[in-house]
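Student: I would like a close look at a single part of this model. Please take me through one region and what surrounds it.

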Amino acid sequence: TGSPSLQKLLDTYKLQLTTEEQSFVDDKVNTLCSLINDHDVSLQKDFTKEAWDYMRSERFFGMKIPKEWGGLGFSTQAVSAVLAKLATHCFDANATVAVPNSLGPGELLARYGTDEQKEYFLPRLADGTLIPCFGLTGPHSGSDATSLIESDCVVEKRNGELGVRASFK
């Protein structure tokens, strides 16, 4: 309605992880951190096979995917707690787990995918068989997202309705 109430948000949403989510943060994330040495990852530019296998077997790539598709079905708050803890130990682990659980297609497929798409992709995304990536580039920026100068959309009012006009050049 244009006048959000912080108190209503606090009253509506309980800021507490489920027992399962808290256990994952306390146990699985700590175990993953013990398998990763940030300095070694920086030098090798990769995780060990043991770390990759652990992330796959414990469904680190499927935290936002519903349980019925092989994921963990975690809340956004739980994913945030996992990422916060990983970020204190190894940025690369944080980014590797963050992309499939935020920019990756898992949650979008679960909500909007066809049955065929869900059946094929969601179990494979949840178990790490498929690991999505995210790319952002432009002709003048390479992979530096902060230097993007292109404009791809304009917010405008048309016929009394606010909308977005997109251009794909």
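Tutor: Start with α6, which is mostly covered: 8 of its 11 residues are buried. This is a predicted model, and everything below is read from it. The buried set in α6 is Ala93, Asn94, Thr96, Val97, Ala98, Val99, Pro100 and Asn101. What covers these residues includes α4 and α5.

Take α4 next. Which of its residues are buried? They are Ala51, Trp52, Tyr54 and Met55. Seen down the axis of α4, these buried residues fall within an arc of 165 degrees, so they line one face of the helix. The general rule behind such a pattern is simple. An α-helix has 3.6 residues a turn, so residues three or four places apart point the same way. The buried residues of α4 pack against α2 and α6, the latter spanning 91-101. The face of α4 turned away from that buried side carries the exposed residues Lys49 and Glu50.

Ala51 sits in helix α4. Its relative accessible area is 0%, and the cut-off for buried is under 20%, so Ala51 counts as buried. What does Ala51 touch, leaving out residues up to four places away in sequence? Its partners are Leu32, Leu35 and Ile36. Ala51 and Thr31 are 20 residues apart along the chain, yet their C-alpha atoms are separated by 9.4 Å.

That brings in α2. The axes of α2 and α4 lie 9 Å apart, and the helices pack at an angle of about 165 degrees. That angle makes α2 roughly antiparallel to α4. The crossing of the pair is left-handed. On the α2 side, the contact uses Asp27, Lys28, Thr31, Leu32 and Leu35. On the α4 side, it uses Glu50, Ala51, Tyr54 and Met55. By type, the residues of this contact divide into 5 nonpolar, 1 polar and 3 charged.

Helix α2 also meets α5. Here α2 covers residues 19-35 and α5 covers residues 76-89. Their axes come within 10 Å and cross at roughly 25 degrees. α2 and α5 are therefore roughly parallel to each other. This crossing is right-handed. From α2, the contact takes in Glu21, Phe24, Val25, Asp26, Val29, Asn30, Leu32 and Cys33. From α5, it takes in Ala78, Ala81, Val82, Lys85, Leu86 and His89. The residues of the contact divide into 9 nonpolar, 2 polar and 3 charged.

Finally, look at the loops on either side of α4. Lys45 lies in the loop between α3 (38-44) and α4 (49-57). Lys45 has a positive phi of about 60 degrees although it is not a glycine. With a relative accessible area of 70%, Lys45 is exposed. Just after α4, Arg59 takes a positive phi of about 65 degrees. Arg59 is not a glycine either, and it belongs to the loop between α4 and α5. At a relative accessible area of 26%, Arg59 is partly exposed.

Conventions: Residues are numbered from 1 along each chain as its sequence is written. This is a predicted model: local features need pLDDT of at least 70, side-chain atom pairs count only at pLDDT 80 or more; totals for chains, interfaces and linings use all residues. Side-chain values use heavy atoms; hydrogens and water are left out. Axes are lines fitted to C-alpha atoms, for helices over the stretch in contact, and angles run from 0 to 180 degrees between N-to-C directions. Helices (H or I, at least four residues) and strands (E, at least two) are DSSP runs, numbered from the N terminus. Angles under 35 degrees count as roughly parallel, over 145 as roughly antiparallel, 65 to 115 as roughly perpendicular and the rest as oblique. A crossing is left-handed if the near helix is turned anticlockwise from the far one by less than a right angle, and right-handed if clockwise. Contact means heavy atoms within 4.5 Å. Ala, Val, Leu, Ile, Met, Phe, Trp, Tyr, Cys and Pro count as nonpolar, Asp, Glu, Lys and Arg as charged, and the others, Gly among them, as polar. Buried means under 20% relative accessible area, exposed over 50%, partly exposed in between (1.4 Å probe, protein chains only). The arc is that of the directions from the helix axis to the C-beta atoms.
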